[in-house]
Amino acid sequence: MKQMFIGGQWLSAQDGRTIAVINPADGQPFDEIPRGGAYEIDLAVRAARAALDASWGQTTATERGRMLLRLAQTIQDHHEELALLEARDTGKPMTAARNDITVMARYFEFYAGAADKLHGEVIPFVNGHHVCLLREPLGVTAHIIPWNYPAQMMGRTIAPALAAGNAVVLKPAEDTSLSALRLAELSVAVGFPNGAINIVTGLGEEAGAVLAAHPGIDFVSFTGSNEVGTLVQQAAAKNAVKCVLELGGKSPQIVFEDADLERAAPIIVRGIIQNAGQTCTAGSRLLVQASIYERFVAQVAQIFERVRVGSPEMDRDCGPLMNPTQLARVNRYIDSAKASGIPVMAQGQIDPEVPAGGYFVTPTFFGSVPRDSALALEEVFGPVLAAFPFTDESDAIALANGTPYGLLTAVWTENGGRQTRVAKAVRAGQVFINSYGAGGGVELPFGGTKRSGHGREKGFLALEEMTTTKTIIQFHG
Ligand code: NAD
């Protein structure tokens, strides 16, 4: 049984409650985590504050950078062990789990390098004055993350917070807390002082809700669903605490008739299959110019048919979904689309050797999807691709912007002017041109517009989000 990490101590829940850890590939429990609640969250926020008042608050940016770099190296030293843990906890194929650990290490490496490059400004003012703008940590930062990329999400959100000098309290998803707990263990060995990093495991409506509403926090970063994001923002607002929300998506791949179709087709399939479609930036909508619609959809269907689903060890294209709720939800979308007569263009296959009891779903590619259907407008969060024909550039832009979301967009065309016009016209936090990377790079600012959230993570902008400024105006005569 695992314990939580608070103020440098390993603790069970005060009332002894636990949550079973289930392997999504066979539905079987294989471990337990503590079911922390209000008591543990309060302890963690106090521990973080105490760390800021003690040695963590005194560390120089260079020292913080070095600790982060040692953590990045330690993650690499434990790469295979962490990948196995992540694969078992999430069900994802081993290759994907290995990649996630590499990316997690990269977040710590990137922000290690950035820690002592973050500085203030001197501002010209009226004669006789000296004005400087200091950039300072916010204080205690709260981080609530989802289950789809637990290791990556943890690196993405706590590495910049620590680099900037904040003390963090992380609430991982109840389905996938193991990599966070193991990382906490590794952080001790590289010298992070007690209370700089705190991990409280527990349910969202218990531990998560209390963390977001805690008067002792100075910032909250939330990644997850729109419904919960709204609750987190409301809770943060009551304490006038800033929040960054990374929410859902319905990202379009826009393919014009002059695109390099050979290059586009496999990348488009990968963009929806990755992590069994459980990716906020999954390219779930395929928008194709009518003149090439039939041909290109057939080309994508050919690749889609070869998609194989298996357990982590089988290391196929997709693993199982996360939990039974997620399985029921995705199957509901597939079944109701079929029932309403939306044509299936291709389906992947679940390997017949998968263990019984796993949460496996058949990847499905739908064509000629009505623009007002659930499949066109709602986030499925599964390996379900929906294709739509469009007539011209303005129709493509209207279709791309025609959902409540605005996270990622890809534009596929060889026409340089069109590349830039469309990239400027779509509402999204990132736009790929002739490429697609769900997740989109540790160095590259990332986040949503519209209902996909607000604020930015990744790159240098995350450091701005997780710091505040102080303007010092001195009269020197
Ligand atoms: P979720 O909102 O159910 O849970 C996310 C986290 O919030 C978990 O840690 C959960 O325990 C916690 N939580 C649940 N209820 C809470 C409450 N009342 N108060 C505070 N915390 C609470 O989301 P999920 O199902 O784990 O993740 C799927 C969603 O996340 C999808 O919509 C997906 O698009 C989104 N997502 C977005 C990004 C991004 O960067 N934009 C990345 C990954 C996932």
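These points concern the ligand site of a predicted model.

1. Location. The ligand takes up the space of the largest pocket. Around the ligand stand 30 residues, and the closest are Arg156, Lys171, Glu174, Ser225 and Glu379.

2. For Glu174 the distance from a polar side-chain atom to an oxygen atom of the ligand is 2.5 Å. For Ser225 the corresponding distance, again to an oxygen atom of the ligand, is 2.6 Å. A polar side-chain atom of Glu379 also lies 2.6 Å from an oxygen atom of the ligand.

3. Cover. On its own, the ligand has 840 Å² of accessible area, and the protein covers 89% of this.

4. Composition of the shell. Sorted by class, the residues around the ligand are 17 nonpolar, seven polar and six charged.

5. Secondary structure. At least two shell residues come from each of helix H6 (150-163), helix H8 (204-213), strand E10 (219-223) and helix H9 (226-238). H8 gives the largest share, with four residues.

6. Domains. Both domain 1 (4-247 + 453-475) and domain 2 (252-442) contribute to the shell around the ligand, with at least three residues from each.

Technical notes:
Residues are numbered from 1 along each chain as its sequence is written. This is a predicted model: local features need pLDDT of at least 70, side-chain atom pairs count only at pLDDT 80 or more; totals for chains, interfaces and linings use all residues. Side-chain values use heavy atoms; hydrogens and water are left out. A residue is near a molecule or strand if one of its heavy atoms lies within 4 Å of it. A polar contact is a pair of N or O atoms within 3.5 Å; within protein, one must be able to donate a hydrogen and the other to accept it, and residues adjacent in sequence count only if both atoms are side-chain atoms. Accessible areas come from the Shrake-Rupley method with a 1.4 Å probe; for residues, only the protein chains shown count as cover. On a 1 Å grid over the protein atoms alone, a cavity is a set of points where a 1.4 Å probe fits but cannot get out, and a pocket is an open set with protein on both sides within 12 Å along at least five of seven lines; lining residues have an atom within 4 Å of a point. A molecule sits in a cavity or pocket if more than half of its atoms lie within 2 Å of its grid points. Ala, Val, Leu, Ile, Met, Phe, Trp, Tyr, Cys and Pro count as nonpolar, Asp, Glu, Lys and Arg as charged, and the others, Gly among them, as polar. Domain bounds come from an automatic or database domain assignment.
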